[in-house]
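Student: I have a new structure to look at, and I would like to learn how to read its features one by one. Could we go through it together?

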Amino acid sequence: MVALWTPSLLAVLLSGPVCVALTQPAGLSQPHQSPPLPGLNSSDGSLSVDLPTALRIFSMDYHHVQAPFEIVLWIMLASLAKLGFHWSGRVPAVVPESCLLIMVGLLVGGVIYGVRHSAPPTLSADAFFLFLLPPIVLDAGYFLPGRLFFENLGTILWYAVLGTLWNVLGIGLSLYGVCLLAGSSLGDVTLLHCLLFGSLIAAVDPVAVLSVFQEMHVNEQLHILVFGESLLNDAVTVALYKLFESFLRLPSVSGADVLLGGCRVVVVGLGGLCIGLFFGLLAALTSRFAIRAQVIAALFVFLYSYLSYLTSEMLHLSGIMAIVTCAVTMKQYVEANVSERSNTSIQYFLKMWSSVSETLIFIFLGVSTIQDVHMWSWTFVCSTLLLCLVWRATGVLLLTAVVNKLRRNAVTFRDQFIIAYGGLRGAICFSLVFLIDDFPKKRLFITTTIVLILFTVFVQGMTIKPLVELLEVKRKKRALPTVSAEIHGRVIDHLVAGIEDVVGYWGQHYWKDKFEHFNRTYLRPFLIRKDRQGGSSILRVYQELERREQRGDEEAPPPPLLAEARIQSRPLLPEEMDSIRQILSRNLQNFHNKQTPAYSRHSLHQEAAAGRTGRPLHRHHSLGERNTRDTSTHGPQGEFGQLSSSRRLRSGLSRSHTGTETRSRNTFSRGLTVCSMSLRPVHQDPEVPSQGGPTESSGREDEHESVGRAPRKQINFFLENEKQ
């Protein structure tokens, strides 16, 4: 058996599809011509072996690496396109990033079509929903501003559920009327086909919305309403799409089928919510025991999130709801359990993963536009564009008029206009339209979807920023959050919750207070390690603000007082510079100068884990100085130690960015001047006679101290923490 299989194995190892061979000697006979597959039986039943014609010194097998090689090339193209966009000068301020990426895709698709004379590769629905969409939704859910989202959850659900039903039914029924009026050209489009097309065309894409709205820095309420509505809108549209697709496959649709379909939509949403909650709690519990394997602690965040999405898709539930719920559930517990470096790794990987997926989606949208499957109808295409704008605008106005009666902070008319105008379409409706079963007008649906995507991304995406400036829509505050503001906000929340409890009104503050009590009593002790549960709540607030500042969630302009101080300051003299260099090199150990970069959705703070806590500046003391300092105070924890520790605590928690930095720099400069004066040793001339008994005795004591130890240098640094 070994003798039979050894020649065959050698033939497999030495064979290759493409090779460069050496010249064969003339005396050798040519081998028989046979198929390239080794190990085939010959006519007499024996095992035939295909021997190589010559020794191979170079071979290439592209088909062996074709799939990963092309994937890497597409990712490289997407990354280079994004890099070129950010280095293109003033272009990012005028044109959104999504528009330029689609233009790059159109260019690449045109080149491929011109070279191959065939349609370029398209983005399949499975590749989009299983590989490209989950990273974007996970990034959006993990960095979701929880307070704003849950405070506006009722309004978001109002827009996402009722608004989506309004758009789907309105667009579908109106298009069916247009098809009936058009006559024979569109007469074969049924009502269910129009409703199916209305369900996919009403999907507001969160990828396109995020790429446009986060570049404008609109106010927090408007941003969370648009973002939350686009995020949950997709779950509703996908459920409605699958419902109408099931109706199309039935021979007839009855009233019972419609009722069961409505129940199915509710089950799809709630089922995805429950699965995401389960995997989120499981991820938090797993991270509790990852203390001895911190390297893989960050991996559980991605594994459990992706597993929740795949499980929901397997059970035909809402994967978007599952992954968003999983990310929101596990965030606070995972951040408390894992180390700061693991938190930084999670944040960087989420941003990188979502950015690459988003870039690939927009490029493939442009590439997939170059197709041979287009069918054009002016009536259908123009009617779809007009109906999408009209039904979304009327839906936003009517729903907002109702919800404003229940809100304390009413949605203004300018915000309503931006919400209606910001309904951008993207890859979700593009992927869903290719899943439609074949029928005569499927190519018309594909063409109309591509036109609507290009219109919303290019026309509405490029004009929404000038409209925001023209309407003077309220922008986001760019001041860094402070610990005092967070503490006062919590005090107000507790106060309002107490008032609601007294008057018997169960509002959002009442339920929030009840959940916090349940979380603090049951969930946190069970999901967080004991060594991470202690500590002051103020310290936890400070750490959370540090994480938000590190992610670049806020943008801090330079303080005006500091700018004035810099303008009015005079240049230092050479002697002063030499003195400052000596003092810094001799006395300062850690000096951190931190600058807050401008906000970017695809980047994080440059200082990841270093400099998290305030580090006070110490000076080196000799052994004699330390002993003298300890004996001069009331023990090692004397008054000076208590005073310095309290000052360090205050400086560590101080986060004011108005006048503190200027005051600290002025004090620092005065401290340097005092230090430069006090560093000069004062020597007493031994030949000068003493003026009296006490003076003479004190002089002898000083002389005795100078022999025993080095001269004492009284240097005091009154510094505010530079980590403001």
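Tutor: Let us start with one residue, keeping in mind that this is a predicted model. Setting aside residues up to four places away in sequence, Leu200 touches Tyr241, Cys429, Leu432, Val433, Ile436 and Thr449.

Student: Which residues have the most contacts inside the largest nonpolar core?

Tutor: The general idea is that in soluble globular proteins, nonpolar side chains tend to be buried together. Here the largest nonpolar core has 124 residues, and Phe128, Tyr142 and Leu200 are those with the most contacts inside it. Helix 10, which runs over residues 220-249, gives the most to this core, contributing 15 residues. There is also a second, separate core of six residues, among them Ala284, Ala336, Leu523 and Ile528.

Student: How should I read the packing of helix 4 and helix 14, and at what angle do they pack?

Tutor: Two packed helices are described by the angle between their axes and the distance between the axes. In this model, helix 4 (residues 97-116) and helix 14 (residues 340-369) pack at an angle of about 45°, with their axes 6 Å apart, and the two helices are therefore oblique to each other. Their crossing is right-handed. On the helix 4 side, the residues that meet helix 14 include Leu101, Gly105 and Gly109, while Phe362, Ile363 and Gly366 are among those on the helix 14 side.

Student: Is Leu101 buried or exposed, and which residues does it touch?

Tutor: Leu101, whose place is in helix 4, is buried because its relative accessible area is 2%, and the cut-off for buried is under 20%. Not counting residues up to four places away in sequence, Leu101 touches Ala81, Lys82, Thr359, Phe362 and Ile363. Leu101 and Ala81 are 20 residues apart in sequence, and from C-alpha to C-alpha they are 6.9 Å apart in space.

Definitions and conventions:
Residues numbered from 1 in each chain as written. Predicted model: local features only at pLDDT ≥ 70, side-chain atom pairs only at ≥ 80, totals over all residues. Heavy atoms only, no water. Core = buried A, V, L, I, M, F, W, Y, C linked by side-chain atoms within 4.5 Å. Buried < 20%, exposed > 50% of the residue type's maximum accessible area, 1.4 Å probe, protein only. Helix = DSSP H or I, 4+ residues; strand = E, 2+ residues; numbered from the N terminus. Contact = heavy atoms within 4.5 Å. Axes fitted to C-alpha atoms, helices over the stretch in contact; angles between N-to-C directions. Parallel < 35°, antiparallel > 145°, perpendicular 65-115°, else oblique. Left-handed = near helix turned anticlockwise from the far one by under 90°.
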